[in-house]
Amino acid sequence: MPEPTKKADETEAENAPASEQNKPQEGENVPAKVWSVGDAPPEEGEKPDNSQKSVLFIEKPKSGSISVGQNITFVAKVEAQDLLRKPTVKWFKGKWMDLASKAGKHLQLKETFERQTKIYTFEMHIIKAKENYGGNYRCEVTYKDKVDSCSFDLEVHETSSAPSIDIRSAFKRSGEGQEDAGELDFSGLLKRREVKQEPEEPDIDVWELLKNANPNDYEKIAFQYGITDLRGMLKRLKRTRREEKKSAAFAKILDPAYQVDKGGRVRFVVELADPTVELKWYKNGQEIRPSGKYIFEHKGNERILFINNCSLTDDARYHVTAGDEKCSTELFVREPPVMVTKGLEDTNGYIGDKVELSVEVSEDDANVKWFKNGVELPLDSKSRYKVKIEGKKHTLIINEATKGDNATYSVMTTGGQSAAKLKVDLRPLKIMHPLEDQTVRLGKELSLKCEISENVEGKWYKNGQLLQPSDRIKIYHKGRIHRLIIDSSLVDDDGEYMFVPEAYNVNIPCKVHIIDPPKIHLDGLGDNNTVTVVAGTKLRLEIPISGEPTPKVMWSRGDKWLMDSASRIRAENYPDNSCLVIDSAERDDSGIYRIMLKNEAGEDTAHINIKVVDIPDPPEAPNVVDVGEDWCIMVWEPPVYDGGSPILGYYIERKKKQSSRWMRLNFDLIKETTFEPKKMIEGVAYEVRVFAVNAIGTSKPSMPSKPFVPLAVTSPPTCLAVDSVTDTTVTMKWRPPDQIGAAGLDGYVIEYCFEGTEEWIVANPDLTDKTKFTITGLPTGAKIFVRVKAVNAAGASDPRLHPQPILVKEVIEPPKIRLPRHLKQTYVRRVGEAVNLVIPFQGRPRPKVSWKKNGAHVDKNQINIRNSENDTIIFIRKAERIHSGKYDMKVKVDNLVDKATIDIQIVDRPGPPQVVKIADVWGENAALEWTPPKDDGNANITGYTIQKADKKSMEWFTVIEHYHRTSATITELVIGNEYYFRIFSENMCGLSQDATMTNESAVIAKDGKVYKNPVYEEFNFTEPPMFTQPLINTYAVSGYNATLNCSVRGNPKPKITWMKNKIIITNDPRYRMFGNQGVCTLEIRKPSPYDGGTYTCKAVNSLGEAEVECKLEVKVIYHGVISPGQPIFLAGQKQLHSKDF
């Protein structure tokens, strides 16, 4: 009986959850009964339901069955309603093979998203399925910490013409990233080595290894022998490892598994316990009918099934039924290896030729794979590699071989491999037509052409740099001819060109020379080719030039060529321009300069006018023609040289003569040559200067003007009035001007004219500095007009004219004493102070003044008296008490008299009290009595100051000050001490210089008399209520708290009641009443106009009652106007609140 073996392309028949449940964990010992051989496969209805509720899937992929070469699509859907991003989906074959790396022409993965339904759809397309694509697949979706997985099966049925491969080679992986990625091939067995006869290895039965191995070693065995569908193999192995159970129908059941080579014959044998029982054979659940392939034999109780010419389609699960019982087995068909009978040979070829590599194998139409440097070659219709199969001979054809085809090519079959090297070389190259040197005018077309013996690509170089095609550069290749065309040649196109054929170490050179006549480009210059330069600056005039080859440049000025390169005026030449350089341009550098270009293609000449401009010369020193109080007028002449540019205006500066700091007076240019500076300080010496300005800049300053001082005449004198008039004189008086100015006041000029004339006569030839002047020599009875002018260094002021004509005739005015107010009372001064009294009077003609003291004439040796025309002064340098008294003043004009009396009192400090004695001593007290001082200092005694001294220390301490009586009681004396007392007198001048002390001392005895408190009658403090501060009429603003205050006294304490309009206020939250120390307050919270009225405060006690009242008006603000009464708001008006203020 054939022994069991493994199968590579077996599909899984059970769900993934069941297989996962039976999967052994790492380090876990699986009981033997789980993998026991001989157990009957579970019935369909007996399969445990291990499916779990889907977490993410709303539609899972479903298992499918197709034939070899057909297509199938598996679909999985995920709802994205609660997902923030796209979930991650992976497709697996078996346990770990990630199909994302196998995507290719046979496997495609696709995903879409439907926005309306918010569903992700993931599809796996298998195209032109092969037999080894069958097996278990798994789809896994992941979103954050959620994972959902679903397993499904694919069953691929073999067709009659489908080739088969060995079971172990079917589970190899193809190279990633190739066109056939996703196929399960056997390319991994390829090695770069020559075909050689290898010793036959013992046939290893993987099924036997798996059955006898520890479950922890399954993955290790699968990796060692190239098994990818381990899960499917374990499921089939599980079916074969059932423990044999005793059966009533079968005396001997089928072996767990059978193995046979492709094309061989297999024999299934069972032995029945009852030969009469009907027996049926099944393949994958389908009943087997007798045929040339399937042969049934009966030998006694044995029932035999022969399967002839086994193919890969016979690799399946078989079972036989006898009555209600059955037994099953697995058949594994192994394909014989294909051997390489004639290997590849090393081959040489030329580029562009057709190259063939041939190999022969042991089988016709065998599956052969070609490799280049270990990488499988693509053999589809688009590939340049073609394979021709002639029976057992396989030929690789490479059309138009290239250098890149140099490699090691190998071929692999299921039973062997072979490799060989291919070398592709170049054919020898011949230059049929080389490049030619060319000379081309600038702007013309440049065309280069060469021809070589081979049709190969090439590259063009210019001066060693690779040329790339562009709009101007065209590169053509047709057959063996190569052309380079450059439109509108440029100067940069001059150089060495070279064509290098690709893959050949050969270059074809030539030289190209571009020529162009010289030309001077003066487009950037102004009219008449004039260039203006500022004096003192550097001129660097760049003149663009062109010409090929680079022309020779020559500069000249007049007949002189500029050849010296170190000169201040020189020429610097560059390939694309010529530069005229003038260092620190001067006025003499102005003129015509000539530039000349010359090369082999021609010459060119141009003239350039250089104009040097400068700032103007400074103007002459300005002249100050007039000055005023704070201004002056200055004039000047334009500068002699304007710098070659018109004068645009002038700047003015001034400074104080003693200062060095100049101040700009104008920021806008002045066009005229006169200016009036203002806002100067009167009396300060100034200087001014001028700057001239043109387009180039500002000149140096002119010389300063001569110093000048702004001065102004004074304002007219004020208060011009007639002081006195006689028959021949008029005396005028006035006051100084209100504004004198910095020039000061030199004096006054008095002028007069007679009424009816216009001739003014100067009364004083010399200036007078007094504000009073007498005009003499006037005719009696004439009328004159008088005016006065103030004169200073700036001249005479406007005159002050007396408004009325003055009659020259004396007028009698009664005397009048104007006694000052402070002299109408007693004038008191201390001894030693000065007395200076001024008593004004009036009268015409001049009055006579006389003084008397206490009725007798004043002694002028003690008192100084001075009399004038309008006042008298009494002066005592050092007052004495004898100067006290009544002073009589008499003013007499003819028979008219006016009198006044002044009482002067000179005071001094008083003398001490006359006698001080101790009237009584008791307890801690002593009673003193004294008599007033004999000398009161000519002032009333205002008080006394009493001091005490302990007899032991005789240190005096003040006990009482400013005491008015002549007796006092001294208390709080220390018992046991003996005291002396002294008293000072006090008047308005202070304390007396000396004090009077008691002759005797007061002894405070320890055991003295018992002091009896005097008996006083009890005083009655009760009184009826009386308001000491009444209520006051008040205005309040609506919305602001208002308070009403008054004060009351009374004993017993009166009860306070508040009333509004004679109605008692009680329990109203808008009012708050409180009192403190007799002060009664009523607070009205945020009053309105309705709170206005008469408020009354009433105080009542047992002795009587009293009340006060006031009026309160509440005002409302109407847009800023306070009005009393009830508010009336107009349409659109906004009522104001406290927060609006």
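Helices and strands are DSSP runs, numbered from the N terminus, and these numbers will guide the tour through this predicted model.

Begin by selecting Glu629, which lies in the loop between strand 45 (623–627) and strand 46 (632–635).

Next, go to Lys369 in strand 22, which covers residues 369–372. Is Lys369 buried or exposed? Because buried means under 20% relative accessible area, Lys369 counts as buried at its 10%. Show the side chains here, and you can follow a polar contact of 3.2 Å between Lys369 and Glu376.

The next stops concern the backbone, where most residues other than glycine have a negative phi, and most peptide bonds are trans. Select Asn529, in the loop between strand 36 (508–520) and strand 37 (530–534); although Asn529 is not a glycine, its phi is positive, at about 55°, and the residue is partly exposed, with a relative accessible area of 22%. Then select Asn1061, in the loop between strand 81 and strand 82 (1063–1064), where a positive phi of about 50° again belongs to a residue that is not glycine, and where the relative accessible area is 42%, which makes Asn1061 partly exposed.

Finally, look at two peptide bonds. Arg844 and Pro845 are joined by a cis bond with omega about -10°, and Pro845 sits in the loop between strand 62 (835–844) and strand 63 (848–853). The bond from Asn1051 to Pro1052 is also cis, with omega near 5°, and Pro1052 belongs to the loop between strand 80 (1042–1051) and strand 81 (1055–1060).

Conventions
Residues are numbered from 1 along each chain as its sequence is written. This is a predicted model: local features need pLDDT of at least 70, side-chain atom pairs count only at pLDDT 80 or more; totals for chains, interfaces and linings use all residues. Side-chain values use heavy atoms; hydrogens and water are left out. Helices (H or I, at least four residues) and strands (E, at least two) are DSSP runs, numbered from the N terminus. Buried means under 20% relative accessible area, exposed over 50%, partly exposed in between (1.4 Å probe, protein chains only). A polar contact is a pair of N or O atoms within 3.5 Å; within protein, one must be able to donate a hydrogen and the other to accept it, and residues adjacent in sequence count only if both atoms are side-chain atoms.
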